[in-house]
Each structure stands twice: as structure tokens, then as C-alpha cells.
Amino acid sequence: MARKKMRTPEEASRDEAAVALLERAYQLAIETAFTRADEITPCPIGAEGLCCKNCAMGPCRLVGKTERGVCGATRDTIVARNFARAVAVGAAAHSDHGRDLAYTLLEAAEGDAPDYKIRDPYKLMEVAGYLDVETNGRPIEEIARDVALAALEEFGRIRGELRYLKRAPAKRQKIWRELGIAPRSIDREVVDLLHRTHIGNDQDPEHLLDQAMRCALADGWGGSMLATDLTDILFGTPAPILSEANLGVLREDMVNIIVHGHEPTLSEMIVAAAQDPELIEYAKSKGANGINLAGICCTANETLMREGIPLAGNFLQQELAILTGAVEAMVVDVQCIMEGLVPLAEQFHTELITTSPKVRIAGATHIEFDERNALAIAKEIVRRAIDHFPERGETFIPDYRSPLVPGFSHEYIDYALGGFYRGSFRPLNDAIVAGRIRGVVANIGCNNARICHDSLHRYVVEEFIKNDVLVVETGCGAIASAKQGYMTPETALELAGPGLREVCEAIGIPPVLHMGACVDNSRILTVLSQMATETGLGEDIADIPAVGMAPEWMSEKALAIATYCVASGAYVIMGGEGPVRGSEEVTRLISEGWEKKVGGKLEFIPDGEEIVRRALEHIDKKRAALGLPEYDPSKWGKSGDWRMPELLELPLEERIEAVYGKAVK
Ligand code: SF4
Ligand code: MSK
């Protein structure tokens with residue numbers, strides 16, 4: 001059989017560190033997700049959403065002249081059901097993460113998890129307000145306990161709807177209620193959606209997709225938003241901090257520990273353990289100069305945003321980190337952890353350690369995490385990592401790393417724009433209204449081994465900032481920009497369009513803002529809601545000149561995020577051909593159909609240039625609908641710092657006229 005065509009490292013990744021390590025992998029004849037993607041041809045039937053295996057009469061593959069499954073299910077139903085199932089799984093994953101944080105807060109409040117503290121009491125008070133918890137004159141632990149219990153109630157509330165829905169603009173809430181898609185409780189919407197996809201249940205694609213929106217909303221405005229808030233309460237609300245990104249953050253002379261996954265509960269303890277003088281001494285006794293922590297995926301984003309722990313890389317770099325030969329331990333929690341790490345780690349001295357009661361991987365060491373004994377477990381893990389340092393063989397750490405300033409929580413953006421007493425999104429709205437900022441793009445989501453690693457993230461971000469579009473990012477998309485240097489004002493502003501540059505210089509922010517992990521897309525919902533409730537940009541998220549996208553997505557969570565953003569009123573573009581292309585009707589329902597219902601639409605577009613073109617077209621269409629001036633970059637770049645040298649050349653009178661116009665003369 002002819003061997004499949006394998007991509008060269010340069011064809012497989014746009015990241016220099018990744019390319020260098022892929023070359024090493026080829027030299028050592030070690031397989032990675034990149035080579036496995038080349039070897040495995042994706043099933044074309046499944047890729048189109050046309051394979052149903054929901055009962056033992058199947059799997060039914062609806063190809064060629066086959067129009068119905070054994071039970072009579074149509075292509076449209078099967079495609080919609082498959083999509084809905086993916087949304088349910090994605091929503092379950094994010095939301096269950098939120099539930100675990102609520103239990104950690106409960107244990108901390110009741111004194112059962114002594115290593116955790118309330119690091120942000122202000123946020124606790126704010127969240128107490130949303131969850132109708134009484135705060136007046138009560139001790140903080142009591143409030144925290146009631147907040148945790150109220151958060152847990154949201155998962156299984158018996159009547160009514162999620163309390164957090166009131167955080168959305170009033171017009172949006174009305175749309176949800178009128179359509180009957182306001183989520184009732186988080187678990188209920190996930191279970192309801194899964195129930196409907198069982199054989200012999202909901203067989204109306206539009207009806208199924210409505211419940212997919214309701215379920216996704218329970219994630220976005222429920223599980224994910226709670227996860228973000230409770231994490232901020234326990235570990236602090238992020239604010240700008242300086243750090244570095246890419247595999248070059250690994251240290252030749254230190255014990256390197258990578259934290260990977262999504263939950264910050266253990267990784268925050270590992271951060272503390274790695275600073276323990278006794279353990280640092282122990283590392284020195286083994287010949288290392290200290291202990292170096294770095295992160296992969298969204299655990300990385302969590303510890304980066306709050307502690308400044310450097311990013312080793314995004315999803316497709318998890319195996320490459322081990323390939324450096326310099327990682328003593330990779331400590332994983334939940335989600336996005338490749339099983340391929342086990343055979344890879346076996347070829348090096350790296351110990352792969354699973355820690356979540358929900359995640360075991362055959363061949364990995366399991367040290368179960370328990371919040372009640374958190375720091376002691378973290379210390380045990382760090383000690384094991386140190387023990388591996390003398391076993392290191394040859395190492396290869398590519399010397400690539402970029403500085404970045406992450407930490408743009410919506411609270412910090414509010415503060416940066418208006419100050420402590422007058423925090424407000426008004427200046428951002430004004431900049432959009434004037435046309436200095438053309439619009440906003442949220443670039444989020446994963447890497448996908450079938451797409452050249454980071455290529456689309458890099459392309460779209462660069463194009464948007466050139467076009468005066470402010471970019472906010474989370475997840476692995478944010479890590480791609482961080483590695484590229486787009487997240488420091490110094491490097492990125494060189495690329496930015498004149499209006500965006502003026503605004504960023506005035507506020508002192510980069511044009512690409514790191515807002516956290518993939519669960520923190522809820523922060524983006526909050527930003528959009530605040531923009532919609534400030535004056536100038538309509539009265540709903542659907543009115544704002546904004547687009548969401550995940551050009552290299554791969555996870556079911558990404559589909560849940562996309563769906564809740566659409567149901568909240570946003571236009572969302574996902575990369576690739578999409579999992580619903582087997583049904584024209586479903587493709588129409590989630591785009592035009594959803595646009596009519598909720599104002600947002602979901603499209604799958606594989607080509608980067610087309611993604612940018614459609615996003616800008618949408619932004620300009622929304623600007624026009626709001627009656628805002630047409631985007632014109634030639635109006636900007638003539639004020640502020642840029643203008644000083646030119647102005648100083650002019651005689652005083654002309655200088656005054658140039659700055660204030662003729663009227664003041
Ligand atoms: Fe086939 Fe229907 Fe069973 Fe799906 S539910 S596998 S379409 S018989
Ligand atoms: S880790 S879900 S690959 S963003 Fe959040 Fe990255 Fe996507 Fe996992």
C-alpha cells in the first residue's frame with residue numbers, strides 16, 4: 001500500500017519552536033499527533049455528520065442513495081442529532097469544571113480545605129449579589145459558603161431559570177424567554193438534550209437545535225460563567241502581569257514541571273509547592289538550580305493570568321514539550337490531554353501524572369488530588385519530579401520565547417478604561433462609535449492537527465489588528481498570539497492600524513488582549529453585555545460590531561461555546577468544513593435560521609482570507625445598522641504621540657488650528 005504523504009515540519013506548524021521539535025521527532029522516528037493526522041484519513045461520512053450509531057440497528061451511514069437510517073431517521077435529523085450531542089458534551093465538560101470549583105469554594109469556606117483562601121472578597125460580594133445571597137453584616141466564610149451552595153443549586157434548580165441570565169442585556173433575556181430557550185438548570189439542559197437524541201425521540205432538526213442553544217446557554221451563562229467567577233474568588237481576579245510564552249521557557253538547568261489541562265485547583269498548589277524553600281533545596285541536592293513551572297493548554301492560561309507562570313505552548317505542543325527531553329513531570333487534570341503522551345513519555349524520563357478522579361490514562365501514574373490535602377499532594381508531586389532530574393538524557397530546548405502581558409479580565413478592562421471610581425466601557429464604545437476601532441473580534445479555541453498549527457490564528461489576528469479591529473482571545477488561540485508577540489504593546493502596535501494604535505497607546509494596552517482559558521469565554525459575554533448596556537452601540541449583543549471565531553477548533557467544547565455565543569446574538573465563524581455539511585437544511589438552520597431567531601449565526605469557513613473578509617463585512621454591516629460613520633483609517637494616526645514631531649514643526653498659530661480646528665481662533 002502506498003505510504004501516505006507526510007507533511008514537512010514547516011507544513012505542519014507555523015511555530016518555530018514546534019517546527020524545530022517536529023524535526024527532532026522525525027530524526028528520532030517518534031510519532032506525534034501531527035504524523036498520526038497524516039497517517040489517518042478522516043472518515044468522510046462521519047466528518048459530514050452523516051453516521052448515526054445511536055442504536056444497535058446501526059451504525060447507519062447515510063451516503064449515496066441512502067436517505068434514511070434503519071429507523072427511518074433522515075439525514076437532517078442525524079446531522080442535527082450529532083451536532084446536538086457534541087454541544088451537550090462540550091457544555092457538560094465546561095460546566096462540570098464549574099461545579100468542581102463550587103465544591104472547592106464550599107470546602108474552603110467550611111474549613112475543610114485549609115490551603116485555599118478567599119483571594120478576591122470583592123468578587124465574592126459581587127457574585128453573592130447575582131446569586132441572591134445576603135451579605136450584610138455576615139462573616140466572609142458564611143457568605144462564601146452560601147455562594148458555593150447557591151452556585152451548586154444552579155446545576156439542579158427545580159423551578160425557574162438560571163439566576164445569571166439577568167446579567168445579559170434585557171433585550172437578550174426577552175428573546176430567550178420568548179423562544180423558550182432560557183435555560184432552567186445546567187444539568188437539566190444537558191440531560192434534556194441527550195435524552196432527545198436517543199433513538200425514537202426528537203426528530204425535528206429545528207427543535208433539536210433549539211435545545212442545543214438552550215443547553216449551550218446553560219454553559220455560557222451558567223457553568224462556564226460560574227467557573228470563571230468562582231476561580232477569581234478563590235485565586236484572584238486577573239490583572240496585567242508580565243510573562244513569557246513558548247517552549248523556550250523550559251530551563252536546561254532546572255527541574256521542569258508542566259501543568260496541563262483546565263482546572264486551576266491543583267496547579268495553584270503546585271505553584272506554591274514549587275516555591276517551597278525545602279523543595280528548592282531538594283532540587284539543588286539533585287544537581288538542579290531550582291524548580292521551573294510552565295503550562296500547556298488552559299491550565300497554563302489559568303496560572304499565567306494570576307501568577308505569571310509562563311506558557312510552554314498550546315494544545316498541539318503538549319507532546320513537543322516532552323520531546324525536549326527536559327520535562328521531569330507533566331501533571332494533568334481534565335480535558336484536552338492526549339493519550340499519545342503515555343507512549344511518548346515512556347521514551348524519555350518524563351513522568352506523566354494524572355490527578356483528577358475523572359481522568360485516568362492507562363500507563364500514567366495516578367496521584368489523586370484531594371482539596372482537603374491539597375498542598376501536601378502538590379509537594380509530593382513536585383518531589384517526584386525532582387527525583388527524575390538525574391535521569392535526564394540529551395535535551396533539546398528550542399530557544400524561542402516571546403514576552404506577553406496577559407490578565408485582561410473584564411474587571412481590569414473596566415478599570416483601565418475608566419479608573420477605579422469611574423470604571424466604564426464608555427471609552428471603548430466611544431472609540432468604536434468614532435471609528436478609531438472598527439469593531440471587536442473574539443478569536444478563541446483550539447489547535448487542530450489537520451490544520452497547519454497556529455497558521456490561521458496568526459493570519460486572522462494580524463489581519464484584524466491591521467484593520468483596526470480590537471482582538472480579545474482565550475484558550476489555545478490566545479497562546480498562539482502570545483507566542484507570536486502580539487500581546488505586548490511594543491511589538492503588536494507596529495502592526496496595528498492607526499486608529500486602534502491611538503486607542504491602545506492612550507490606554508496602555510496591546511491590541512490583542514488575553515482574557516483567559518477557554519472556560520473564560522464567559523468574560524467575553526460579560527464584556528459584550530456591558531458594551532450593549534453602555535450607550536452608543538444599540539441595546540443588545542447582536543447590535544455590536546463584533547464577531548467570534550475559532551479557526552482551528554477541534555473540541556466539542558468549542559461547539560458549545562460557538563452555540564452559546566450565537567444564541568447570545570453573535571456571528572461566529574468556525575474553521576474547517578464543519579460537522580453539519582452533510583445536511584443543507586441543518587447548515588441553513590444554524591446560519592440563516594438562527595440569525596432570524598436570535599440575531600447570531602454560525603458558519604464554518606476553512607479559508608483564512610474568507611474568514612477575515614466575512615468578519616469585516618459583518619462588522620461594517622453592524623456599524624451601518626447603528627448609523628455609525630463608515631470605517632476610514634485615513635482619519636486616524638494624526639493625533640497623540642504620532643503627531644507630536646509633525647506638530648512641533650509648525651508655528652504656534654497653525655499648531656493650535658491643527659489640534660483644535662478653526663473654530664477656536
Ligand atoms: Fe440507525 Fe436510527 Fe439506530 Fe441511528 S437511531 S443507528 S439511524 S437505526
Ligand atoms: S485547551 S478546548 S484545545 S482551547 Fe482549553 Fe485549547 Fe481547545 Fe482544549
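Entry 1: I took a cavity to be, on a 1 Å grid over the protein atoms alone, a set of points where a 1.4 Å probe fits but cannot get out. I counted a molecule as sitting in a cavity if more than half of its atoms lie within 2 Å of its grid points. The model is predicted: local features need pLDDT of at least 70, side-chain atom pairs count only at pLDDT 80 or more, and totals for chains, interfaces and linings use all residues. Residues are numbered from 1 along each chain as its sequence is written, ligands from 1 in the order in which they are written, and side-chain values use heavy atoms, without hydrogens and water.

I found that ligand 1 takes up the second largest cavity. The residues around ligand 1 (a heavy atom within 4 Å) include Cys52, Cys55, Cys60, Cys71 and Arg81. Domain 1 (9-61) and domain 2 (75-235), with bounds from an automatic or database assignment, both contribute to this shell, so ligand 1 lies between them.

**Entry 2: ligand 2.** I looked up ligand 2 next and found it in the largest cavity. Around ligand 2 there are 13 residues, of which His262, Cys298, Cys336, Cys476 and Cys518 come nearest. Domain 3 (243-391) and domain 4 (405-631) both give residues to the shell, so ligand 2 lies between these domains.

**Entry 3: the chain.** I noted that 61% of the 665 residues count as buried, meaning under 20% relative accessible area with a 1.4 Å probe and protein chains only. The C-alpha trace spans about 80 × 70 × 65 Å along its principal axes.

Methods:
1 Å grid on protein atoms, 1.4 Å probe; cavity = no way out; pocket = protein on both sides within 12 Å on 5 of 7 lines; lining within 4 Å. Buried < 20%, exposed > 50% of the residue type's maximum accessible area, 1.4 Å probe, protein only.
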